[in-house]
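Take a moment with the sequence and the fold below. Then read on for a short tour.

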Amino acid sequence: MNHIVNLTDSNFKEKVLNSINQESTPFLIDFWAEWCNPCKAMIPILEDIAIEFHDKLKIAKLNIDENPITTKNYGIRSIPTLLLIRHGTVLSTKIGLLSKQKLQEFLKTYI
């Protein structure tokens, strides 16, 4: 998972929100938990997407159990939840397990 950034409550602002002045690359943030089987199934899909879209998109993961502040701030109630964020604004949200093809189609509408 070296192509995927691990986010926390303490680094979210720096990594995602403060980076908006430097670049327009969107972030795809995966809100997940260790106990969530659909979240585990998303890992290889996100790793493939991170490689495929490496020059157009940043992929990040945030563990909801370890980071309740950011989870609450974005109103995350189900996992996995994917947020596509550009310039600090949520462009779109996807909830639940997506196939690689569905995720590619979703991303291509925004990138």
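What follows is a report on the sheet, one of its strands, a helix and a disulfide.

## The sheet

This is a predicted model. Its open sheet has 5 strands in the order 1-3-2-4-5. The pairing is mixed. Strand 1 (4-7) and strand 5 (89-95) are the edge strands, and each pairs on one side only. From one strand to the next, the twist averages 25°.

## Strand 2 and its partners

Strand 2 covers residues 27-32. On one side, strand 2 pairs with strand 3 (residues 58-63). These two run parallel, over 6 bridges.

Ile-29 has Leu-83 of strand 4 as its bridge partner.

Are the residues of strand 2 mostly covered or uncovered? They are mostly covered: 6 of 6 are buried. In a regular strand, side chains alternate between the two faces of the sheet. Strand 2 sends Phe-27, Ile-29 and Phe-31 one way. Leu-28, Asp-30 and Trp-32 point the other way. Both sets are buried.

## The helix across the sheet

Which strands does helix 2 lie across? Helix 2 (residues 37-52) lies across strand 1, strand 2, strand 3 and strand 4 (81-86). Helix 2 runs at about 160° to strand 3. Strand 2, helix 2 and strand 3 together make a β-α-β unit. That unit is right-handed.

## The disulfide

How many disulfides does a search of the whole structure find? The search finds 1. Cys-36 and Cys-39 form this disulfide, with their sulfur atoms 2.4 Å apart. The torsion about the S-S bond is about 80°, so the disulfide is right-handed.

Why do both cysteines count as buried? Buried means under 20% relative accessible area. Cys-36 is at 4%, so Cys-36 counts as buried. Cys-39 is at 1%, so Cys-39 counts as buried too.

| Cysteine | Relative accessibility | Class |
|---|---|---|
| Cys-36 | 4% | buried |
| Cys-39 | 1% | buried |

## Putting it together

Go back to the structure and trace the parts in turn. Start at strand 2, with its 6 buried residues. Follow the β-α-β unit through helix 2 to strand 3. Then find Cys-36 and Cys-39, the pair that forms the disulfide.

Methods
Residues are numbered from 1 along each chain as its sequence is written. This is a predicted model: local features need pLDDT of at least 70, side-chain atom pairs count only at pLDDT 80 or more; totals for chains, interfaces and linings use all residues. Side-chain values use heavy atoms; hydrogens and water are left out. A disulfide is a pair of cysteine sulfur atoms within 2.5 Å. Buried means under 20% relative accessible area, exposed over 50%, partly exposed in between (1.4 Å probe, protein chains only). Two strands pair if DSSP finds at least two bridges between them. Helices (H or I, at least four residues) and strands (E, at least two) are DSSP runs, numbered from the N terminus. Axes are lines fitted to C-alpha atoms, for helices over the stretch in contact, and angles run from 0 to 180 degrees between N-to-C directions. Contact means heavy atoms within 4.5 Å. A crossover is right-handed if, with the strands pointing away from the viewer, the path from the first strand over the helix to the second runs clockwise.
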